Each structure stands twice: as C-alpha cells, then as structure tokens.
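Please look over the structure shown here before reading on.

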Amino acid sequence: MSLVLKKGMERSLERIFESALKKIGVPEGIPVRFETPQNEAHGDLSTNIAMLIAKDLKRSPRDIAKEIVDYVRGEDGELKSVEIAGPGFINVMFRNDYITGQLQELLSHGTEYGKGESNKGQRINLEWVSANPTGHLHAGHGRQACLGQAIANLLDWTGAEVTREYYFNNAGNQMTNLAKSVRVRYLQQLGEPIELDEDGYRGMEIVEIAKEMVREFGESKREESLAFFQSFGEKKNFRHIRSTLERLGIHHDIFFNENSLYESGAIERTISEFKARGLAYEKDGALWLRLSEMGQNEDRVIVKSSGEPTYRLPDICYHRDKLSRGYDDIIDIFGADHIATIADVLAALKSLGYDTERIKVILHQMVTFVSGKELIKFSKRSGEAYSLDELIDDVGADAAKFFFNMRASGSHLEFDVELAREQSEKNPVYYVQYAHARIASIVRFAAQEGIAFSIPDKTEEGNTDLSVLEHPEELRLIKVLIRFPQVIERSAAALAPHHVCEYLREVAAQFHRFYQECRIVGGPKHLEIPRLLLAMATKRVIANGCAVLGVTAPESM
RNA sequence: GCGCCCGUAGCUCAGAUGGAUAGAGCAACAGCCUUCUAAGCUGUGGGUCGCUGGUUCGAGUCCAGCCGGGCGCGCCA
C-alpha cells in the first residue's frame with residue numbers, strides 16, 4: 001500500500017510513531033505498520049512495532065511501547081486513547097467525531113467511494129476466458145469468467161488502465177475436430193449412417209449447429225469442404241460464447257486470434273531466433289526447444305514433424321506480442337489444468353531476454369458443482385456437460401458471479417447450485433442484496449413520511465451533523481464502512497476478489513445489527529436524519545462493492 | 001516418479017508483512033415480529049489448525065520431511 005493513498009489518520013499516525021522511534025534512538029527506515037484488529041477491544045488500529053524492534057534494542061517490548069506511547073500522547077489530540085496491551089501491542093482508538101467525519105467523507109464521494117490510485121498510470125493487460133470456439137462455455141468456465149471480470153474491475157477501481165483480452169485459436173487440431181464433428185452431425189441429420197470420431201465433440205450444441213445448417217442450406221452442403229464446416233461451426237460457437245459472457249456483463253476489448261501470429265510472421269521469426277540462439281534443435285523430424293537448459297525438466301517439441309507448431313510456440317509468441325505492447329503488467333488467468341505450459345512459456349521468454357516479472361499468472365483451482373448433497377457430473381465423452389448458460393438459468397447471473405468469487409482462487413470451489421438458487425437467508429448473495437433492498441425500502445418510507453434530507457457534499461456547509469451518532473452499533477457500522485477503500489486496495493493488490501465478498505457479508509451483518517438496535521424513521525427526532533444518512537452510506541458501500549463483483553444491488557426484493 | 005495447488009468446527013470456507021482468547025456461514029439447540037422488508041436479530045454448544053521436527057520472545061501463517069486429496073507431466077490445447 002503506497003503512502004499516498006492511505007487515509008489521513010493512518011498516515012499521520014505512522015508519521016507520529018516514526019518520529020517517536022527516532023526520538024528513542026531507533027535507526028531510521030523502519031516503517032510502522034498498523035492493522036485493524038479483529039477484536040474491537042484492541043482498538044481501531046494496532047501496531048506491533050515495539051515487539052519488532054525489541055530485539056535490536058535489547059529492551060523489553062513493553063518498555064519500548066511505553067516510551068512510544070508517552071511521546072504519541074503528547075503529539076496527537078485526535079485520538080481517544082493510546083494504550084499498551086498484551087506482550088507489547090500499541091492500540092489506538094479514534095475519537096467519535098473523527099469516525100463520523102469519515103462517514104461524511106464517504107457520503108460526499110458517492111459512487112466514487114472506494115476508488116483509489118494505487119494502480120494509477122499503470123497499463124495492465126488482463127487475459128482470461130480464452131476458450132476456443134469448439135463448443136459452448138460450460139459451467140466450469142464460469143469461475144474464470146467471473147474471477148477475471150472482478151479482477152478487471154478491481155484494477156479499474158485502483159486507477160489502472162485495463163485492457164481486457166481474449167485469446168483464441170481457430171486453427172489446428174481442435175478446430176479440425178470441430179469441423180469433422182459438425183460435418184458428421186450434418187450428414188446424420190440428412191440420414192446418413194455415419195458416426196463421430198473417437199475424439200469428436202459430442203456436445204448437443206454441435207447437433208444444434210447441424211440442424212441450423214439443414215434449415216439454412218438443406219442438403220446442398222453434402223460435399224462441402226471441412227473448412228466450410230469449421231467456419232460455420234466457429235461462427236455459431238463464438239456467437240454463443242459471447243452471448244453467454246454478455247449475460248454476465250463480461251466484455252473484452254481485444255479478441256486475439258492465434259492465427260494472426262502466423263500471418264504476421266511472428267511464429268517464423270521466433271523460430272529463427274530460437275535457432276540463432278542455439279535454443280532449438282531438430283530431432284526425429286521435429287523442432288525441439290532446449291527447455292532443460294532453461295531450468296525446466298525436459299525439452300519439448302515446438303514444431304511437429306508435420307510442420308505444425310505445438311501450442312507452446314504460439315503461446316510464447318503471443319506473450320512476446322503482449323510484452324511488445326508496453327504494458328506495465330500482463331496478467332493471465334488459467335485453470336489449474338493448464339499448469340504445465342506456464343513455466344515453459346516463461347522460461348522461453350526469459351531465454352529470449354524478456355523481463356518476465358511483468359507477467360503474473362493466476363491459477364485458479366477447479367470447481368465442483370453440487371446440488372445439495374448430490375454431485376453434478378460432467379462427462380466430456382457423452383457431451384453431457386453442464387453449460388454455463390444452464391447454470392445462469394438455474395441460479396441467475398448475480399448468484400453465479402458472487403459464488404464464483406466467494407473463494408480464494410487457489411482454493412478448490414464447491415458450488416452448491418441448490419443453495420445459490422435458494423432465496424433465503426442461507427444464500428449469501430441474498431443476504432447482501434437484502435440489506436441493500438431493505439435500506440432502499442427505509443429510504444422510501446422516510447420520503448413517504450415527509451423526512452427531507454440531503455447527502456452531505458464536500459463543502460461542509462450546511463451538512464447534517466453526524467457526530468450525534470454515538471450508539472455502539474452506529475459506530476461499529478461506520479467503522480466497517482470506512483474500511484471499504486482499504487478492502488478494495490488489498491483485494492486489487494492480491495488480485496483476490498473473494499475479500500470483497502467476505503467484506504460485503506460483514507457490512508450486511510453489521511447493518512442488520514444496527515437496524516435491530518437503532519430505530520431510524522420514528523426513532524429519536526434528532527437522530528432520524530443522521531441514521532438515515534448512515535443507512536444511505538451503507539447502501540452506497542454495498543452498491544459499490546457489488547459493482548466490483550458485477551453483481552446488482554436491487555432497490556427491492 | 002516429478003511439478004504446482006490444497007489439508008482450519010459435523011459441512012463449505014476466511015484467516016493482511018509471523019502476534020493478543022483461531023473466525024464466518026450453514027447444520028444443531030434455545031429465544032426475538034401490534035412499529036422503518038423476520039430474505040432479519042440474539043444466545044448456546046462445537047477445534048491436538050493433517051502429522052513430525054526446525055527457525056522465533058511468539059507459528060494456522062516461515063523452513064524441512066512425511067501422510068492424505070486435486071490438477072498436470074503428449075509431435076493435444
């Protein structure tokens with residue numbers, strides 16, 4: 001986290017603590033870090049700095065802490081308390097008016113609240129989904145699709161200029177299989193006794209494509225070339241993939257066709273370069289890359305004896321292309337099943353002299369779909385895949401996006417379709433959305449009751465005094481809300497949207513607690529509008545957090 | 001055999017650069033609606049953080065070795 005974007009209090013505390021360290025003779029350059037304790041008895045912010053430097057100073061942590069605290073107490077009147085606790089923690093508590101001041105700040109930022117600048121000026125390329133147009137997206141693709149969408153949004157929110165990219169291959173073996181499969185299905189439609197190859201695509205979408213061909217062309221394409229079937233199938237599949245992504249609100253700026261790497265000569269150039277550097281050699285009629293000399297386990301074929309490159313070579317060229325476009329960061333999202341190629345590609349790029357530090361790879365684990373206790377099985381052989389469209393039909397786009405982002409990408413995800421579909425308190429999506437709808441309803445009710453108020457703006461002139469909010473549940477709620485910018489910051493830095501899901505649940509839970517304890521409309525007159533504004537701030541944070549996940553925040557449910 | 005990921009409550013999972021009494025949801029049990037959405041809230045029970053060593057004032061977190069699960073290891077992508 002850069003200094004620039006830390007909220008005022010934390011930054012000024014760091015400064016004060018650092019000058020305290022200087023005063024007691026600690027060499028400069030040791031940063032003071034604060035964390036938000038999970039236990040509220042430990043204050044609003046806490047630091048373990050005294051324990052960290054105790055060894056070097058050869059003094060007890062509590063001793064050091066005492067000296068720091070004495071200094072800090074003299075410096076800052078903004079704090080309610082500064083205390084030493086446990087083995088040497090220093091816990092600080094904010095004054096209530098500071099906390100309500102932060103609420104004012106939140107309200108004045110509106111839809112912008114939570115946006116930061118930690119990635120300001122960064123041009124970042126994010127590549128994800130990247131499924132070849134050999135069929136429809138299946139439910140498992142949903143994780144990557146939704147993960148990438150949320151990550152792209154997080155990067156946006158932290159000020160990056162994001163290019164969203166989809167890499168696909170419409171040539172090679174897979175597409176030939178598609179062509180053959182479409183052809184067989186088409187001929188079957190025309191009554192010919194012909195069967196799919198062993199590695200043919202068995203999905204029902206191929207049958208649908210064949211039926212469409214019959215409707216459109218009748219029997220006239222019986223003798224057509226494979227190229228025709230391929231292009232027809234590709235077009236239909238791609239249109240379908242894009243419509244599925246559209247249902248999730250996912251858009252890409254660039255669809256990068258692997259084929260363009262051949263057309264531009266990039267493949268040839270890279271081959272010559274490998275050869276010129278002595279990194280490639282011929283064996284058994286194929287061209288091999290000396291990966292074993294680049295720190296990898298074994299050499300791999302990059303050009304088959306048939307003359308066609310294996311996928312590794314275009315993958316390498318594709319990354320060269322992205323590197324040449326001058327991005328500050330290049331992020332790839334892959335499923336765990338693609339793990340094998342990544343190290344090879346990076347090693348090859350490094351051997352060509354590229355700085356691969358700029359390339360970040362997110363590997364997400366696989367998804368298991370269950371319905372209650374029952375496992376939903378996928379069978380590629382039979383073509384009985386659970387499609388992403390079906391999943392969206394079953395649970396809705398919002399639930400899909402929330403569920404796919406609920407877990408850390410490195411963790412295996414169990415997606416309970418029955419739970420996601422359920423419109424009850426068990427379902428975390430509804431729990432969060434319900435809080436938002438509930439607030440919307442309260443605001444409507446307030447308007448109906450003739451309560452007039454305005455959202456505070458930055459002028460601070462004529463704004464409602466929020467410092468009357470003193471109830472523990474009110475203050476707890478505000479403290480949760482004003483953490484939002486840091487949550488976005490941290491999630492973006494870790495490329496981990498699941499933190500946002502966790503946080504939103506926390507916000508919703510604290511709002512419900514506040515709602516339970518503090519009557520808004522019809523409560524104490526002088527608290528009516530401040531509480532209403534607190535509710536609106538909550539609504540804002542939920543809406544903004546949902547926006548990051550691409551989830552809607554409904555006005556009523 | 002090799003590489004990567006995972007192992008935390010009955011289940012699904014969080015645990016910020018190593019810190020305070022390890023958390024949440026669900027499930028179980030006991031309560032709370034003449035008043036702003038009960039799709040909500042409160043309380044109770046539930047753990048040798050896979051095992052064994054090591055580093056450290058301090059380890060769920062770092063290191064090593066095992067055990068268990070997942071994904072890979074092709075002239076497929």
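Predicted model: local features only at pLDDT ≥ 70, side-chain atom pairs only at ≥ 80, totals over all residues.

Residues are numbered from 1 along each chain as its sequence is written, chains are lettered from A and ligands numbered from 1 in the order in which they are written, and side-chain values use heavy atoms, with hydrogens and water left out.

**Overall fold**

Chain A holds 20 helices and 14 strands, where helices (H or I, at least four residues) and strands (E, at least two) are DSSP runs numbered from the N terminus. Its C-alpha atoms fill a box of roughly 85 × 60 × 45 Å along the principal axes. Of the 557 residues in chain A, 52% are buried, meaning under 20% relative accessible area with a 1.4 Å probe, protein chains only. Among contacts (heavy atoms within 4.5 Å) between residues of chain A at least 6 apart in sequence, 73% join residues at least 24 apart.

**Interior**

In soluble globular proteins, nonpolar side chains tend to be buried together. A nonpolar core is here a set of buried Ala, Val, Leu, Ile, Met, Phe, Trp, Tyr and Cys residues joined through side-chain atoms within 4.5 Å. The largest one has 122 residues, of which Phe17, Ile68, Leu391, Phe404 and Phe415 touch the most other members; helix 20 (residues 525–549) gives the largest share of this core, 11 residues. Leaving aside residues up to four places away in sequence, Leu391 touches Ala139, Phe369, Tyr386, Gly396, Phe404, Phe415 and Val417. Another core, of 28 residues, lies apart from it and includes Leu261, Ile267, Met294 and Leu313.

**Around the RNA**

There are 65 residues around RNA strand B, and Phe89, Tyr311, Glu425, Tyr434 and Arg438 come nearest; a residue is near the strand if one of its heavy atoms lies within 4 Å of it. Of the atoms of RNA strand B that come within 4 Å of the protein, 64% belong to sugar and phosphate. The table lists polar contacts, pairs of N or O atoms within 3.5 Å.

| Protein atom | Atom of RNA strand B | Distance |
|---|---|---|
| Lys55, side-chain N or O | phosphate oxygen | 3.2 Å |
| Tyr311, polar backbone atom | phosphate oxygen | 2.8 Å |
| Met557, backbone N or O | base oxygen | 3.3 Å |

Among the elements that give two or more residues to the surface near RNA strand B are helix 2 (49–57), strand 3 (89–94) and helix 16 (428–448). Helix 16 gives the most, with 9 residues.

How values were computed:
Polar contact = N/O pair within 3.5 Å; in protein donor to acceptor, adjacent residues only side chain to side chain. Buried < 20%, exposed > 50% of the residue type's maximum accessible area, 1.4 Å probe, protein only.
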